[in-house]
Amino acid sequence: MTVRTGIGQDSHRFLPIDSSKLCIIGGLIFDDAPGFNANSDGDVVFHAICNAITSLTGVLILGDIADDLCLKDGITDSEVYLLEAMKTLGRQRVTHVAVTIEAKKPKFKHRLLDLRKNIARVMKLDVSQVGVTATSGEGLTDFGCGDGVQAFAIVTTVESVE
């Protein structure tokens, strides 16, 4: 059996507060923040997971597959990008996903379980296979000062040798 671990990161700056674009993180709508300055919905959690999968497979999701879906087909839902990323894993089976988020806003404390459940749903995992943490960063970065959101993801897979 081969165990692999991939890491990914993504970040986006918020649009102005009067923007009508929704703030979507981990596939959930957060009403207490504006949307992101991005071609897609800017879902930093799903994008970070996509980048972690890219680090496992070498298949460029963001910047290639997602760009085609967004710019050519008008698909801005990052859940679609994550589903496409999952297809590139081949015989690798995801056993765990860990996500950490840095942001002053929106507030995540009461949404952590919802985030875990939604990531698990999309990736066809049990909620026990998904961990999510969040920090304000104490104002040390632009994310901790409220200018945007940053997420890191670690994806662990196993592949059975036949």
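Student: What makes α2 oblique to helix α3?

Tutor: Look at the angle between their axes, which is roughly 125 degrees. The axes also come within 10 Å of each other. That angle makes α2 oblique to α3, because angles under 35 degrees count as roughly parallel, over 145 as roughly antiparallel, 65 to 115 as roughly perpendicular and the rest as oblique. The axes are lines fitted to C-alpha atoms, for helices over the stretch in contact, and angles run from 0 to 180 degrees between N-to-C directions. This is a predicted model, where local features need pLDDT of at least 70, side-chain atom pairs count only at pLDDT 80 or more, and totals for chains, interfaces and linings use all residues. Residues are numbered from 1 along each chain as its sequence is written, and side-chain values use heavy atoms, with hydrogens and water left out.

Student: Where are these two helices, and how is a helix defined?

Tutor: α2 covers residues 61-72, and α3 covers residues 78-87. Both are DSSP runs (helices: H or I, at least four residues; strands: E, at least two), numbered from the N terminus.

Student: Is the crossing of α2 and α3 left-handed or right-handed?

Tutor: Right-handed. A crossing is left-handed if the near helix is turned anticlockwise from the far one by less than a right angle, and right-handed if clockwise.

Student: Which residues in α2 meet which in α3?

Tutor: On the α2 side they are I61, L62, I65, A66, L69 and C70. On the α3 side they are V80, Y81, E84 and A85. By class, that contact has nine nonpolar, no polar and one charged residues. Ala, Val, Leu, Ile, Met, Phe, Trp, Tyr, Cys and Pro count as nonpolar, Asp, Glu, Lys and Arg as charged, and the others, Gly among them, as polar. Contact itself means heavy atoms within 4.5 Å.

Student: Why is A66 called buried?

Tutor: Its relative accessibility is 3%, so A66 counts as buried. The cut-offs are under 20% relative accessible area for buried, over 50% for exposed, and partly exposed in between (1.4 Å probe, protein chains only). A66 lies in α2. Beyond residues up to four places away in sequence, A66 touches I61 and Y81.

Student: What makes T54 count as buried?

Tutor: T54 has 15% relative accessibility, so it counts as buried. T54 sits in helix α1. Neighbours within four places aside, T54 contacts V59, L60 and I61.

Student: How do you know that α1 and α3 are roughly parallel?

Tutor: α1 (residues 44-57) and α3 pack at about 15 degrees, with their axes 9 Å apart. That angle is why they are called roughly parallel to each other. The crossing of α1 and α3 is left-handed. F46, H47, I49, C50 and I53 in α1 meet S78, E79, Y81, L82, A85 and M86 in α3. Those residues divide into eight nonpolar, two polar and one charged.

Student: Why is α3 oblique to α4?

Tutor: α3 and α4 (residues 112-123) pack at about 50 degrees, with their axes 10 Å apart. That makes α3 oblique to α4. E79, L82, L83 and M86 of α3 and R121, V122 and M123 of α4 make the contact. By class it has five nonpolar, no polar and two charged residues.

Student: Now the loops. Why is S19 called partly exposed?

Tutor: S19 has 26% relative accessibility, so it counts as partly exposed. S19 lies in the loop between β1 (2-13) and β2 (23-25).

Student: What makes K124 and E138 count as exposed?

Tutor: K124 is at 71% relative accessibility, so it counts as exposed. E138 is exposed because its relative accessible area is 69%. K124 is in the loop between α4 and β5 (130-135). E138 is in the loop between β5 and β6 (148-159).

Student: What is phi in K124 and E138?

Tutor: Phi of K124 is near 55 degrees, a positive value in a residue other than glycine. Phi of E138 is also near 55 degrees. Most residues other than glycine have a negative phi, and most peptide bonds are trans.

Student: How do you know whether the peptide bond from K105 to P106 is cis or trans?

Tutor: Check omega, which is near -5 degrees: the bond is cis. P106 is in the loop between β4 (93-102) and α4.
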